[in-house]
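Here are my notes for when you open the model. Have it on screen and follow the points in order.

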Amino acid sequence: MTLQSGPTFFSFPAQSHEGGSEEAAVIAGLMAESPWVSPKYLYGPLGSRLFDAITELPEYYPTRTERAMLEACRENIARAVGPEPTLIDLGAGNCEKARSLFQSLKPRQYVAVDMSVEFLRHSMSHLQRDFPHLEMIGIGIDFSAGLRLPDAVRRENRLFFYPGSSIGNFTPAESLAFLAGIRAQCAGPFGGGLLIGVDLVKPESVLQAAYDDALGVTAAFNLNLLNNLNALIGSDFSVGDWRHYAVFNAALSRIEMHLEARRDTTVHWSGGARRFV
Ligand SMILES: C[S@@+](CC[C@H](N)C(=O)[O-])C[C@H]1O[C@@H](n2cnc3c(N)ncnc32)[C@H](O)[C@@H]1O
């Protein structure tokens, strides 16, 4: 048995779906008739920590519910998955849900994928300390532009793990492309599968509270997206000019987080600007 010195790390530069620059794709979203930003920009050194704090809130039921389900089903999951899987954790964050499966799954290799690279490195260094004999690979990529895995990732018995109802961050068309990408990675003689966590519709008051908590942690998480945009496209969003709110979109059957300008405000970035009223 070998002792791992630490996780191996790979990271690849971000690219938009269309192959253009990430900045151009974000600006196009901001200039749309109904401005929008991909939820992936919520994360980063601070956003990932704020998300961790959200998972501790009494209103935020998804994490503790899913944790309990994984705990209750872990032996059945292990039986269905088979021996020595390659566990590939998509949007691993603090890696805690995957950690809870290690004992029953006994993965041969753990691969954690997340675009919030600094946070992932931190999470994995703790994990490697606790599981010194498990081979770990960290991959810092934005998987919405395609799931490229380095050759170091074992082909055998891949188990893609996508918990947290994160599939809801994609549009239906994006979800299909994403799932097809995973399917392609499981095709062929080596096999593989997907373990996914998807939330169901709840009473609106439950959803509303989960995404707009009394302490205002989710509001801070959402508002911090503006700081992330400023860093990415050089814009001058001022957090104090905006307020967070959450709404259940019944037509699309999804909970949405919005940012609303508190006053008439114009935001600038290199080569452009937009007025929000
Ligand atoms: C809702 S959190 C879930 C964290 C953890 N898996 C859990 O279930 O508690 C989503 C995670 O996915 C990562 N993420 C979001 N969009 C991503 C993308 N397009 N590519 C890579 N990572 C992404 C975020 O950085 C964050 O760590």
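1. A quick word on terms: two strands pair if DSSP finds at least two bridges between them. Helices (H or I, at least four residues) and strands (E, at least two) are DSSP runs, numbered from the N terminus. Keep in mind that this is a predicted model, where local features need pLDDT of at least 70, side-chain atom pairs count only at pLDDT 80 or more, and totals for chains, interfaces and linings use all residues. Residues are numbered from 1 along each chain as its sequence is written, and side-chain values use heavy atoms, with hydrogens and water left out.

2. Start with the open sheet: 6 strands in the order 1-4-3-2-5-6, with parallel pairing. Strand 1 (8-11) and strand 6 (192-196) sit at the edges with a single partner strand each, so one side of each has no neighbour in the sheet. On average, neighbouring strands here are turned by 20° against each other, direction ignored.

3. Strand 5 (residues 158-162) pairs with strand 6 in the parallel sense over 5 bridges, and Phe-160 has Leu-194 in strand 6 as its bridge partner. Helix 6 (residues 172-186) packs on the sheet and touches strand 2 (86-90), strand 5 and strand 6 (contact means heavy atoms within 4.5 Å). The direction of helix 6 makes about 160° with that of strand 5; angles run from 0 to 180 degrees between N-to-C directions, and axes are lines fitted to C-alpha atoms, for helices over the stretch in contact.

4. Next, a helix pair. Helix 3 (residues 61-81) and helix 4 (residues 96-105) pack at about 30°, axes 9 Å apart. That angle makes helix 3 roughly parallel to helix 4 (under 35 degrees is roughly parallel, over 145 roughly antiparallel, 65 to 115 roughly perpendicular, the rest oblique). Residues meeting across the contact include Leu-70 and Ile-77 from helix 3, and Leu-101 and Leu-105 from helix 4.

5. Strand 9 (residues 265-269) and strand 10 (residues 272-276) run antiparallel, joined by 5 bridges, with Val-267 opposite Arg-274. The hairpin has 2 residues between the strands, and Gly-271 takes a positive phi near 85°.

6. Last, the rings. The whole structure holds 14 aromatic pairs (Phe, Tyr and Trp rings, the six-membered one for Trp, with centres within 6.5 Å; planes under 30 degrees apart are stacked, over 60 edge-to-face, the rest tilted). One of them, Tyr-43 with Phe-221, is edge-to-face, at 5.5 Å centre to centre and 70° between the planes. Tyr-43 is in the loop between helix 1 (22-31) and helix 2 (45-54) and Phe-221 is in helix 8 (residues 217-233), so the pair ties together parts 178 residues apart in sequence.
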